[in-house]
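Dear colleague,

I am passing on a structure for you to look through, and below it I have set out what was found. Please keep it open beside this message as you read.

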Amino acid sequence: MTEHDLPKITSSFCYKVRQIDQPQEILFQIFKRFEEHAAIITSGQLTGMIIIHMAHENGIPFRVCTIDTLRLFPETYAFLDQVEARYGIQIEQIKPNLERVNRMVNQHGEFLFFDSKDKQEYCCHIRKVESLEQLLTDIDVWFSGLRRDQSENRQRIPKAQVIEKKGRSILKINPLFDWTEKQVQDFIKEHDIPINPLLMPKANGQFYESLGCVICTTPIRPGEPKRAGRWRWQNTQLEENKKECGLHFSI
Ligand code: SF4
């Protein structure tokens, strides 16, 4: 499929996608039109796994990509291998520019994210956002597992939206945007979908709810906000300390 065959990403096309009820139908319709120009981008957490599973069950050979910051948990790398084996897919691991990572580390130290919110964002930018930006030059449709009830900051996430990047329009689709935690858990159980062992509750009741890099991600206690385990040392009362890495909200 060449670029000329692809539908234009416009607000009216986005509107049509929003009218489709079932996530499986969205996957089908988008793949039919965009093939390798659409991708599921996931860190292998619950909703990303559900989308991968839905594509697989419906025989839709979707491209699956993950942003590898080079600082993920060993359990996450092992889990991604397991997902590849289970679904017979190859997950594209998008890595940061090593020269830029080394320059950042030489200049600010390996643990710069402890110094300030700005340096945490800088690290996330070099290790995650730039990789995503690179990937987005190659795709027209981005499937994401964001849900409204994951945090206060995500409560207005739409089912689909057009984002502009470097002069290109990209359709970002959050097919499970309005799913509740219970729907997610029930679907995972019902379909026996593999989950990252880090997301399983620990004996002391703590568990990881949201997974990112080692050190920057800690487990949460029952009752804590879902993203409380991310950059736990930051003062969460401050507006600028929203628990986001910039992947979804600076693009
Ligand atoms: S989560 Fe932490 S280590 Fe990972 S990119 Fe962001 S600041 Fe850097």
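The largest nonpolar core contains 34 residues, and those with the most contacts inside it are A39, I40, I52, V141 and F143. Please bear in mind throughout that this is a predicted model. The elements that give two or more residues to this core are the helices α2 (23–34), α3 (46–57) and α4 (74–87), together with the strands β1 (38–41), β2 (63–67), β4 (141–143) and β6 (168–173). Among these, α3 gives the most, with seven residues.

The next thing to look at is a pair of helices. The axes of α5 (residues 98–108) and α6 (residues 117–136) come within 9 Å and cross at roughly 160°. Angles over 145 degrees count as roughly antiparallel, and α5 and α6 are therefore roughly antiparallel to each other. The crossing in which α5 passes α6 is left-handed. On the α5 side the residues that take part are R100, V101, M104 and H108, and they meet K119, Y122, C123, I126 and R127 in α6. By type, the residues of this contact divide into five nonpolar, one polar and three charged.

Most residues other than glycine have a negative phi. Just after α7, however, D192 takes a positive phi of about 50°. L70, which is not a glycine, has a positive phi of about 75°, and its place is in the loop between β2 and α4. K166, also a residue other than glycine, has a positive phi near 50°, and it is found in the loop between β5 (160–165) and β6. Are L70 and K166 buried or exposed? L70 is exposed, with 11 other C-beta atoms within 10 Å, and K166 is exposed, with 8 other C-beta atoms within 10 Å.

With best wishes

Terms used:
Residues numbered from 1 in each chain as written. Predicted model: local features only at pLDDT ≥ 70, side-chain atom pairs only at ≥ 80, totals over all residues. Core = buried A, V, L, I, M, F, W, Y, C linked by C-beta atoms within 7 Å. Buried ≥ 20, exposed ≤ 12 C-beta atoms within 10 Å, placed from the backbone. Helix = DSSP H or I, 4+ residues; strand = E, 2+ residues; numbered from the N terminus. Axes fitted to C-alpha atoms, helices over the stretch in contact; angles between N-to-C directions. Parallel < 35°, antiparallel > 145°, perpendicular 65-115°, else oblique. Left-handed = near helix turned anticlockwise from the far one by under 90°. Contact = placed C-beta atoms within 7 Å. Nonpolar A, V, L, I, M, F, W, Y, C, P; charged D, E, K, R; others polar.
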